[in-house]
Amino acid sequence: MTLRELTARQSVCRACPRLVAWREEVALIRRRAFRDEPYWGRPIPGWGSERPRLLIVGLAPAAHGGNRTGRIFTGDRSGDFLFASLYRTGFAVQPTSVAAGDGQRLVDARMVAAVRCAPPDNKPEPSERDTCAAWLVAELRLVAADLKVIVCLGGFAWQAMWPVLSRCGFALPRPRPAFGHGAEVRLTSAQAPDGVLLIGCYHPSQQNTFTGRVTPAMLDAIFTRARTAAGLAATG
Ligand code: SF4
């Protein structure tokens, strides 16, 4: 399977009845500010480079962000914060990501969500995370050859990655390292004998950015570290 085929197959996935109902209801009712826009209302595919050095793993699309625009971290406040940092650190060509077709492009990086459909209250059930892991496993296998760094945005993504990494042949440490901002774990597999560095990063949710738990400097430090670990030239 190619990445294109993977995107096509997962875009019609209906494996989680609760999430299918929610993503479609939100797309039908819409938020007042977007009532004249068509909503995507389907699973959000991975997006970015097809041979990434860096994989960024988020939680799930926002109801009126990715679920509206059809592109991960696009059209919501979390995405605004994240893309500004990716631009400053050389992983994105523009500081904003507002809609598919806006000219935004990731460089040496790809983004995926641990759960590909928008969940109520941004809280997927463990069973939904486990069901959706199959898509993440398939995508990780397709991009593992060039991958050097995985940044997990938030504890949910950090936890969701362990079984995915195991299914992709990575040897996992025991006990599992705790999530933290800046936490690092080096993992190896037959596909990635030089290793992939897993980095924890607080999620740029409004709850975190409004309270100062995550600042632009903190996010920049993570992605600057990712650049170095991925063997990419420093920016600026
Ligand atoms: S969350 Fe994942 S597994 Fe569940 S319906 Fe959406 S794409 Fe399919």
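**Helix α4 and its sheet**

Helix α4 lies across β1, β2, β3 and β4, at about 160° to β3 (axes are lines fitted to C-alpha atoms, for helices over the stretch in contact, with angles from 0 to 180 degrees between N-to-C directions; contact means heavy atoms within 4.5 Å). The model is predicted, with local features needing pLDDT of at least 70, side-chain atom pairs pLDDT 80 or more, and totals for chains, interfaces and linings using all residues. Residues are numbered from 1 along each chain as its sequence is written, and side-chain values use heavy atoms, without hydrogens and water.

Reader: What angle does the direction of α5 make with that of β3?
Author: Helix α5 covers residues 126–143 and packs on the sheet. It touches β2, β3 and β4, and its direction makes with that of β3 an angle of about 170°.

Reader: Which strands stand at the edges of the sheet?
Author: The open sheet has six strands in the order β1-β3-β2-β4-β6-β5, with mixed pairing (strands are DSSP E runs of at least two residues, helices H or I runs of at least four, numbered from the N terminus; two strands pair if DSSP finds at least two bridges between them). Two strands each have a single partner, so one side of each is left without a neighbour in the sheet: β1 and β5.

Reader: Which residue in β3 is the bridge partner of glycine 48?
Author: β1 and β3 pair in the antiparallel sense, over two bridges. The partner of glycine 48 in β3 is arginine 110.
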